[in-house]
Structures are given as C-alpha cells and as structure tokens.
Amino acid sequence: MTATQPAKPVDAGFRMPAEWTPHERTWMAWPSPNPTFTNAQELAEARKAWGAVARAVRAYEPVTLVVSPGDADSARAIVGDDVQLVEQELDDAWMRDIGPTFVTDDAGELAAVDWTFNGWGAQEWARWDHDSKIARHVSDVAGTRTYSTELVNEGGAIHVDGEGTVLLTDTVQLGEGRNPGWTRQQVEAEIHAHLGTTKAIWLPYGLAGDYGTYGTQGHVDIVAAFARPASSWCTPSPTRPTRTTSAARPSRPSCARPRTPGAGSWRSWRSRRRPCWRRTGSGWTTPTSTTTCATAAWCCAPSTTRATRRPQRSSADCSPSGP
C-alpha cells in the first residue's frame, strides 16, 4: 500500500459488484497434483472438466488460466490456443477461493482484495504455501491496486447483491480454524470495508455435506445466492447430517429476512434439492462420497428424477426452480 492509497477499498469508493454484473475476464487455476486427487486418473478427469469450462467461457469472454510451472504444455493441449496461460506455483485449483475479490468504483476502475488464505481453515489435508500468494500474483498481472487484509476468507464464503448486502456463515468467518478471537462485529466491519457493503445476513452454517473431508466447512455459495437485489435462493441441507460435528445443528439453514433496521422488503425462496449426475462410458452415475458437483461435468437433475433414471436436463439447464 502506498502512502497515498486509502487504507480500505471503501474509502476509495470501491465495492464488489453483484455476481451477474458483466465483467471483462474470467480467471481460473489449473488442477495440480494434490491430496484432493487420489490418483492420476482423477487428476486427468478434473483437468478435462476444467478445460471444458475454460473453452465454454472463452466463447464469450477472455480467460486467463494460472498453471504451475511445467504444466503449460499439457494445459494448452486441453484448453486450446485461445486461453491465456500464466505460470505460477499452485497447490490446488479453486481460483474463486484463492484468487482476489475484484471490486470496482463508479468510474469503472478495478482493485483487488487479497484475503488471507489458509487452506479453508488450516485443514490437515490442505496445502496453501503457494495458493496464499495467488491473489497478489493475479492482481499484479491484472495491473490493479491491491488491498490486503488479515481476515481469513475465501471468495466462495461471500455472496453480494451489488447493492450493499452480503451473505455470510458463522462456521466460516467465525470458525476457529480461520478467525479465532474475532467477533461478529469485527468480521462485519472488515467485510464491509473491503466489499463496500453495509448489511450482512448470517446463516448459522452451510450445507451439511460441506463439513466432511475436503469440505470448506460452510461456504455460503453452496447453500444460498442472490437471484437479484433483496432476493435470495436457499438450498435445503440434507435431512441427515453427514458427520458427527453437524449433529447438533438443525438440518436446514436459516433463510430469514435481514434483521437490519431499514432493510426494506426481502424475499427468500427455498429451492428443491436436486440429485447430481455424471455421464460415464456406461451411462449416468451419481457422485461418490469424495466427489462434488462443482464442475461442468456434473448436472443437477430435477428433484422428481428417480435415482434409477437418466436426468432430464443438460448441465446448461441446471437452474433453480421457481418460487
């Protein structure tokens, strides 16, 4: 931070735009060998899925892919020549979490928020020596000013409506593995100062299945999202918690209207939970306990689809049902 740069993004008029706001470029990270892939075949399948996403996005806007040194040739063979490659050491491949949160001002200038990243709460399986530096590297490549903060946070742990409201979860921002000793008021103040938000809606926890091995321990982007300003979708959590530490929690997250004075009219819809599927050589299959529906290779089928039947929608049609 230079002597003339304001201490916080909000002081310079920056704010995080809504998820649906048009943007110039998508940043991704290329999967590297790490504990989340148990063998070479899983890594190869992940790279194919990441490559499919990169090519699909590139049809509409530029894509920059961060790859570990030595992986550029293999990545190029999958993503093609239209995707920009940038070499930098990586631990994992979740750019939404390890990369910066871009914010903008009324003049359209960009800045980057560099959260502290510690492997989703310093989990035993995670490595983050390299990933903790990716946000600063991306910011440097993009040529934007960077605002760093000691708050441990990830991109998947926040969701904004672009008009002042942010969604958070207790088990992430207040978790012992991330921000021990921080109060809710301190977290809110730091979030607001870096995102330009003024109201925070707290869910007590995330999706029950997110608390298992390789889970994020409650990312809000898995369980809730804004459909438009002052309107949100919530995904029901499984009725049976997936690990002992979740047993004391209610089975469903609270999608309550904000209690902030002056919050105005608020609408919240609960979407029907949908099973996830993947096409294989022998047909359609459901995920195993170690897989997620986080890539384009998975499709969320309608809730009426039986587990023994092929899903009736393509991955492009995986949208929440109406209110």
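Let me begin with a definition: helices are DSSP runs of H or I with at least four residues, strands are DSSP runs of E with at least two, and both are numbered from the N terminus. What we have here is a predicted model, in which local features need pLDDT of at least 70 and side-chain atom pairs count only at pLDDT 80 or more, while totals for chains, interfaces and linings use all residues. Residues are numbered from 1 along each chain as its sequence is written, and side-chain values use heavy atoms, with hydrogens and water left out.

By that definition the protein has seven helices and 15 strands. Of its 323 residues, 45% count as buried, where buried means under 20% relative accessible area, exposed means over 50%, and partly exposed is what lies in between, with a 1.4 Å probe and protein chains only.

I would like to start with helix H2, residues 72-79, in which Ala72, Ala75 and Val79 are buried. Why do they lie on the same side of H2? They do so because they cover an arc of only 65 degrees around the axis, the arc being that of the directions from the helix axis to the C-beta atoms. The face turned away from that buried side carries the exposed residues Asp73 and Ala77. The buried residues of H2 pack against helix H1 (40-58), strand E2 (63-67) and strand E3 (84-87), and just after the helix Gly80 takes a positive phi of about 90 degrees.

That brings me to the sheet, an open one of three strands in the order E1-E2-E3, with parallel pairing; two strands pair if DSSP finds at least two bridges between them. Strand E1 (26-29) and E3 stand at the edges with a single partner strand each, so one side of each is left without a neighbour in the sheet. Neighbouring strands are turned by 25 degrees against each other on average, direction ignored. Between E1 and E2 there are four bridges in the parallel sense, with Thr26 opposite Val63 and Trp27 opposite Thr64. H2 packs on this sheet, touching E2 and E3, and its direction makes about 160 degrees with that of E3; axes are lines fitted to C-alpha atoms, for helices over the stretch in contact, and angles run from 0 to 180 degrees between N-to-C directions. In a regular strand the side chains alternate between the two faces of the sheet. In E1, Thr26 and Met28 point one way and Trp27 and Ala29 the other, and all are buried.

Now to the interior. A nonpolar core is a set of buried Ala, Val, Leu, Ile, Met, Phe, Trp, Tyr and Cys residues joined through side-chain atoms within 4.5 Å. The largest has 17 residues, and Trp115, Ile158, Val166, Leu168, Ile191 and Leu195 have the most contacts inside it. Among the elements that give two or more residues to this core are helix H7 (184-195) and strand E5 (110-116). Apart from it lies another core, of 16 residues, among them Ala49, Trp50, Val79 and Ala93. Which residues does Leu195 contact, leaving aside neighbours within four places in sequence? Its partners include Phe14, Met16, Thr101, Trp115 and Val160, contact meaning heavy atoms within 4.5 Å.

Gly218 counts as buried because its relative accessibility is 0%. Not counting residues up to four places away in sequence, Gly218 touches Thr169, Thr171, Val172, Gly206, Asp210 and Tyr211.
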